[in-house]
Amino acid sequence: MSRVQNVVIGSARRVAGWLPDRMLPGGGAPDPLIERQAELGRPTSRLDGPLKVTGRAPFVTETVLPGQLSAALVHSTVTRGRITRLDTRAAEAAPGVALVLTYRNMPRLGIVPMPGGANLFAPGSSGLPIMQDAEVRYNGQVVAAVLAETQEQADHAASLIEIDYAAQPAATRFADAKATARTPASILIEKNHVSVGGAERRLSAAVHRVDNVYRTPGHNHNAIELHGVTAAWDGDSLLVHDTTQAIVPEARALATVFGLKNEQVRVISPFIGGGFGGKGLWDHQIIAVAAARVAGRPVRLRLSREGVYRIIGGRSPSEQRVAVGADADGRFTAIIHTGYTVMPTYGACPEQFTMGTRTAYRADSFELLHRHLDLDVVPNTFMRTPGETIGTFAVESAIDELAAAMDADPVELRLRNLPDRHPISGAPFSQHALHQAYVDGAARFGWDRRTAKPGERRDGEWLIGLGCASGGFPYARMPGANVSLTLRRDGTVAISCSAQDMGMGTTTVQTQHAADRLGLPLDRVTFTLGDSALAASPMAGGSAQTASILAAVISAADRLRDELLKIAGADGPLAGLRGSAVRLADGGLAADPGRHDTYRAILARAGRDEVTVTGTGAPPLEFLKYTMHSSSAIFCELRVSEVTGEVRVDRLLGSFDCGTVLNPKTAAGQLRGGMIMGLGVALTEETLFDERTGRIMNPSLADYHIPAHLDVPDIDVIWTGIPDPHSPLGARGLGELGTSGVAAAVANAVFNATGRRVRDLPVTLDKLL
Ligand code: MOS
C-alpha cells in the first residue's frame, strides 16, 4: 500500500468531513427501527441451531460428489531451495491412485489476486506461484498432491513420493531481519507513520514515564472445522464447495486464475465451522480445482490439522516498544508505539498493532510506526482482532506500568485520558461511551476490592490479583452489499444474498432485522446465504458483515415499498401517497392516520404471485466522516500459585460500548468467545517456530494450547447499548471486539497478584517462578 493511497484516503476523509449528515446513509437521521424493535433485541437462539445439533447441517467435506477423488498433500521439508529429484513412480503405482500432481503437470496458472490498490477485497493470501516450478519458498509449502479413490489410499501414496532438495540459506530469524525491515507507507487504509507534537522530546521531559519493549509470539488458526474444499468441473463451468469467509471474492478470483468468466464459477458455503480470518483463499483451493481439471473428476481436498499449520498463515509474532509520558496530573503528554511484525513481500496482511493506539487515548504527541520483516515463512494473515489483540497487550500493559509508577488507580488513570474526538485527526466520534463502560464494569466487577500494592491478597499458596485494560475495534461497513427480496402472495418473504455464516448467527440476526423492517413475525421471513449465485455481498471480515447486509436490506425494503405503492392501484387505502409518507408495518404498508394495506391484499388486487426487488447498501461514507469505534473495559481476577507459578483465571468481565445490540444471545456468545480467545493469547497460545529450520514445531492441538473448558472461568458480558446514530440500526460490529484488551487485563492482574511484570506473551509459569 502506498503514498498515493494515503493521499486518496486522506482527501476522501477531508471531503467526507464537510459532508452534511443528510448526505450520509439514512439521511443522517437515526433509524426509526432502533426505537421500534419487536424481533430485534430478543435473545433469539440461532435459527440453524437445530440443524447443527441434529447433524443435518451439511459441512463442505461431507459433500460427496459422484466419482469424487480424495486428495492428500505433500509438504516441503526444507525452507528455501529447489527440488532436485522428484520420484512419483511408487505413488502412481499404489492402489487406488488416479493422479499425482506436481509442478511438472500442474496447469500453468497466474498469481491469485491479492488485496491492494487495484482490488481492496481480493481474497488471495499469498503472492507466490502455486506448484508452478521447482522452487521452495517456505517450510511446509505444497510440493505434490495425490488423488486417489479413498482418503486412506491418497494418504498412503503421498508417503511414497521421494523428493530431494538443494537447500539454500533462508531468512528465519526475527532479530536478524530487523536490519533490513521495510517501512510501508500505509497499513490497511491508514497512513503508517504518525509523528505529531515531538513525542520523543516530550517523553524525556515528562514528569512520569514508562518505556518498554513487549513481545508476542506467532499464533495459528484453529477453527473447529478444518479447511476443506470440493471442486467439480462440468465442461468449462466450475462448482466449488468450500469453507470460506469470502464466497463471491473467491469465485471471482478462481475465474481470474483459471481464465473463466465470472458466471462460469459457483462457490457454495452454507455452513462454516469457524473462520476467524483464516478462511480466505489459499493454495489448497487452487490445487483442488486444478486437480479436478487434470483428473477429469471431482476432487475433495481436506487439510489435516497439521496441514492448516503448514499452509494457512496465522498471526505474526511482534516486538513492540511502548512509551507513555504523563504530566504531574497524569495527563498523557506522549504516546510512542513502534515495532516490528513479519510480513513477507509475497504476503498481504499486516498485523496492524498501532491501529488501536490512534484512538484509545488523548495525548499531546504521538509517534507511531510499524515495520515489516521479510522472513521465508507461510504468509501470515488476519486472525481474530488483528492488530488490536497484540497492540492492546503492549499499550495497556504500559499504562498499567505507568499507573504503578505514579501510584495511580489504573481505571482512574485511563478515565483521565479518554479522548472526546479522534486524538490525531480531530474527527468527531459517532458515539463513544467508554467512560460509562468503565464505571459500569468496575461497579459490577467489584474493582474497589483491589489492593494497589502487589502480593497483598492471598489464599494459602495462591496470590490473588485484579487487573483491567481497555480494548477496542473499529467499525467498518463494506461497499457492494446486495440482497434480493421476494414478497409472496401468502405474505411470506424470502431474502437472499451470498453472505457467510461462520457460526456467529448471521442468518438469525438478519432474519430478525428483516422481520422488523417489514413488519412481519419471524416465522414469515427466511434468509438464505452461502452461495455465489445469490445476490453478491462482501466477505465476512473486519466485524463488518452484519452492518453491511443490514444496509442492503434497508435499501431493499425501501424499494419494496415503492414497488408496492406502484401496484397497489388507485382505489387502495394508500392511493395517492408518496413513498416518504408510507412505512412498512403490521404486514403491509401503513400511513397516518390509521391507513393500512396488507401485503396479501396488494398482491391479490394486482394479480401478482410475488414481487421481487433488490437492494444495495449505500456507500459507507459514515466512517470516513466520523471516528467510529467500539471499545471495552476488561476486568480480570486470577490466582497465581507461589509453588508452581500456575495461573488460574477466576473471573473475567467485559464491559462493552458497541452501539445497539441486535440479539443479546448471539452477541454475548460472540463477545464471550472473543474473550476466551484473548485468554489463549494471554496464557497458552504460542506457535513454536524453530528459527534454525524455519519449521513450525507444534502443529497440533496437543502441542499448541488453546483454553479448554477448565481454563475458562465465569465470563460476565455487559454493554452500554447506546445506539450509534450513524450506523445501520445503531449497531457496530462486535465479532472481534471481545478479544481486544484481554491479554493485558490478565497480565496486569498477574502483576497485581505477584509484583511480576511479564512483557513477553504467553504468561506461562516459567516466567513467574
Ligand atoms: Mo476477521 S480476522 O476479519 O475474520
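This is a predicted model: local features need pLDDT of at least 70, side-chain atom pairs count only at pLDDT 80 or more; totals for chains, interfaces and linings use all residues.

Colleague: What is the order of the open sheet of seven strands, and what makes E3 and E13 its edge strands?

Modeller: The order is E3-E5-E1-E14-E11-E12-E13, with mixed pairing. Strand E3 (97–101) and strand E13 (265–268) are the edges, as each pairs on one side only. From one strand to the next, the twist averages 20°.

Colleague: How do you know that E11 and E14 pair?

Modeller: Strand E11 (residues 228–234) and strand E14 (residues 299–302) share four bridges in the antiparallel sense, and the definition asks for at least two, so they pair. Within this pairing, Gly 228 stands opposite Arg 302 in E14.

Colleague: Which helices lie across strands E1 and E13?

Modeller: Helix H4 (residues 151–158) lies across strand E1 (69–75), E3 and strand E5 (142–148), at about 25° to E1. Helix H7 (residues 247–257) lies across strand E12 (237–242) and E13, at about 145° to E13. For such angles, axes are lines fitted to C-alpha atoms, for helices over the stretch in contact, and the angles run from 0 to 180 degrees between N-to-C directions.

Colleague: Why is Val 267 called buried?

Modeller: Buried means under 20% relative accessible area, exposed over 50%, and partly exposed in between (1.4 Å probe, protein chains only). Val 267, in strand E13, has 0% relative accessibility and therefore counts as buried. Leaving aside residues up to four places away in sequence, Val 267 touches residues including Val 240, Ile 247, Leu 254 and Gly 530; contact means heavy atoms within 4.5 Å.

Colleague: Is Ser 543 buried or exposed?

Modeller: Ser 543 has 15% relative accessibility, so this residue counts as buried. Ser 543 lies in the loop between strand E22 (525–528) and H14. Beyond residues up to four places away in sequence, Ser 543 touches Phe 473, Gly 733, Leu 734, Gly 735 and Glu 736.

Colleague: Why is H13 called roughly parallel to H14?

Modeller: The axes of helix H13 (residues 506–518) and helix H14 (residues 545–567) come within 10 Å and cross at roughly 30°. That angle makes H13 roughly parallel to H14, because angles under 35 degrees count as roughly parallel, over 145 as roughly antiparallel, 65 to 115 as roughly perpendicular and the rest as oblique. The residues of their contact divide into nine nonpolar, five polar and one charged. Here Ala, Val, Leu, Ile, Met, Phe, Trp, Tyr, Cys and Pro count as nonpolar, Asp, Glu, Lys and Arg as charged, and the others, Gly among them, as polar.

Colleague: What makes E18 and E31 the edge strands of the open sheet of five strands?

Modeller: That sheet has the order E18-E19-E27-E28-E31, with mixed pairing. Strand E18 (457–459) and strand E31 (714–719) each pair on one side only. Three bridges join E18 to strand E19 (residues 462–474), and these strands run antiparallel. In E19, Ile 464 is the bridge partner of Arg 457.

Definitions and conventions
Residues are numbered from 1 along each chain as its sequence is written. Side-chain values use heavy atoms; hydrogens and water are left out.
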